[in-house]
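Subject: Structure handover

Hello,

Here is the structure you are taking over. Please keep it open while you read the notes below.

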Amino acid sequence: MAEELRIDSHPALERPVLIAAFRGWNDGGQGASLAGAYLARAWSAIEFASIDPESFYDFQATRPMVSLVDGTMRRIEWPENTFMYAPLPGGGRDAIIMLGVEPNLRWRTFCDHVTQVATEFKVELVVTLGSLLADVPHTRPAPVTGSATDPELIDRLGLQASRYEGPTGVVGVLHDACGRAGISSASLWAAVPHYVSLTPSPRAAKALVDRLAELLGADVDTAELGEAADAYAQQVSEAVSADEETSAYVQDLERRVDELAEEADIPSGDAIAAELTRYLRQRDRDKDDDGGDDVAREH
């Protein structure tokens, strides 16, 4: 068990915050994993610990990859769960960034390894990043919802109380493990258009990075993500314009988001997603009553 978690060095960290992002169920449009990887690169983070994948994955479900080194030597690339550290620019503290892949097996033990790292390095706050598919248009900034269960943390960081009930991913189990370990934790989720769910979304990644920087009082240069987000929007718009029904659906989403923005100064991500969902469901019911064709049902 002790060998599953490998800590290669023990850097002296000041009031660290642990930022975690996992590929898999919690990562619609790869928004969360893109955000985490961008932060690690932007802050020149240094790896210092990892979790061995052998006991946490069904390799028939999460297969390792084969790559060529120098065009000849074959190398097996296993699912990685690594911890890196870096100073938090402008935040007066350090950051631990965990980049991983949602495991197939032994979630509680896996999350205990994460909280062991957090405890050993005296992490003051764990923030997980996630992205989910929703009825939002690709042409508007991705709404981000920040939530927690600790009332003091909710008030101090301007978050919302977590009221979600239903299936969860490793992110939800990690927050439970943090609670049992007495570690404060919060979650940031960006909404990704469900009609382009297979396309990586730098727009969602940028929204997560911006919200995280605001939450932690950190400085992050997101110019590169901004350029990628603009290119993403243009490419998706070109694809959407080729289909009349999808184009009409996206225009409805845009109109609804703009109406919400006019009704409230700063609508929350939850409010936008909830209003859009209610609107689309009502529109579908109206179409059914009128005998019309469905254009945009929830997926």
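A disulfide is a pair of cysteine sulfur atoms within 2.5 Å. The sulfur of Cys 178 lies 8.0 Å from the closest cysteine sulfur, in Cys 111, which is too far for a bond. A search of the whole structure finds zero disulfides, and Cys 111 is accordingly in none. Both cysteines are buried: Cys 111 has a relative accessibility of 1%, and Cys 178 has a relative accessible area of 1%. Here buried means under 20% relative accessible area, exposed means over 50%, and partly exposed is in between, with a 1.4 Å probe and protein chains only.

The model is predicted, so local features need pLDDT of at least 70 and side-chain atom pairs count only at pLDDT 80 or more, while totals for chains, interfaces and linings use all residues. Residues are numbered from 1 along each chain as its sequence is written, and side-chain values use heavy atoms, with hydrogens and water left out.

The chain as a whole

The secondary structure of the protein chain comes to eight helices and eleven strands. These are DSSP runs numbered from the N terminus: helices are H or I runs of at least four residues, and strands are E runs of at least two. Of the 299 residues in the chain, 48% count as buried. Contact means heavy atoms within 4.5 Å. Among contacts between residues at least 6 apart in sequence, 77% join residues at least 24 apart.

Ser 44 sits in the loop between helix H1 (31-42) and E3. Its phi is positive, about 50°, although Ser 44 is not a glycine. With a relative accessible area of 55%, Ser 44 is exposed.

Ile 46 belongs to strand E3 and is partly exposed, at a relative accessible area of 44%. What does Ile 46 contact, leaving aside its neighbours within four places in sequence? The residues are Phe 83, Met 84 and Tyr 85. Phe 83 is 37 residues from Ile 46 in sequence, and their C-alpha atoms are 8.2 Å apart in space.

From the E3-E4 loop into strand E4

Thr 62 is in the loop between strand E3 (46-51) and strand E4 (65-69). Is Thr 62 buried or exposed? Thr 62 is buried, because its relative accessible area is 18%. Not counting residues up to four places away in sequence, Thr 62 touches Tyr 57, Pro 79, Val 101 and Asn 104. With Asn 104 there is also a polar contact, side chain to side chain, at 2.9 Å. A polar contact is a pair of N or O atoms within 3.5 Å; within protein, one must be able to donate a hydrogen and the other to accept it, and residues adjacent in sequence count only if both atoms are side-chain atoms.

Val 66 is found in strand E4 and counts as partly exposed, at 43% relative accessibility. Residues up to four places away in sequence aside, Val 66 touches Arg 74, Arg 75 and Ile 76. The C-alpha atoms of Val 66 and Trp 78, twelve residues apart along the chain, are separated by 8.9 Å.

Lys 122 lies in the loop between helix H2 (107-120) and strand E8 (125-134). Lys 122 has a positive phi of about 55° and is not a glycine. Its relative accessible area is 65%, so Lys 122 is exposed.

Val 236 is in helix H6 (residues 223-241) and is buried, with a relative accessible area of 5%. Not counting residues up to four places away in sequence, Val 236 touches His 138, Tyr 195 and Val 196. Tyr 195 is 41 residues from Val 236 along the chain, and the two C-alpha atoms are separated by 9.8 Å.

The cavity

A cavity is a set of points, on a 1 Å grid over the protein atoms alone, where a 1.4 Å probe fits but cannot get out; lining residues have an atom within 4 Å of a point. The structure holds one cavity of 30 Å³ or more. Of the 13 residues that line the largest cavity, the closest to its centre are Pro 137, Arg 140, Ala 142, Ala 191 and Pro 193. Strand E11 (185-193) and helix H5 (202-216) each supply at least two residues of this lining.

Regards

Key
1 Å grid on protein atoms, 1.4 Å probe; cavity = no way out; pocket = protein on both sides within 12 Å on 5 of 7 lines; lining within 4 Å. Points joined across faces, edges and corners; volume = space filled by probe spheres on them.
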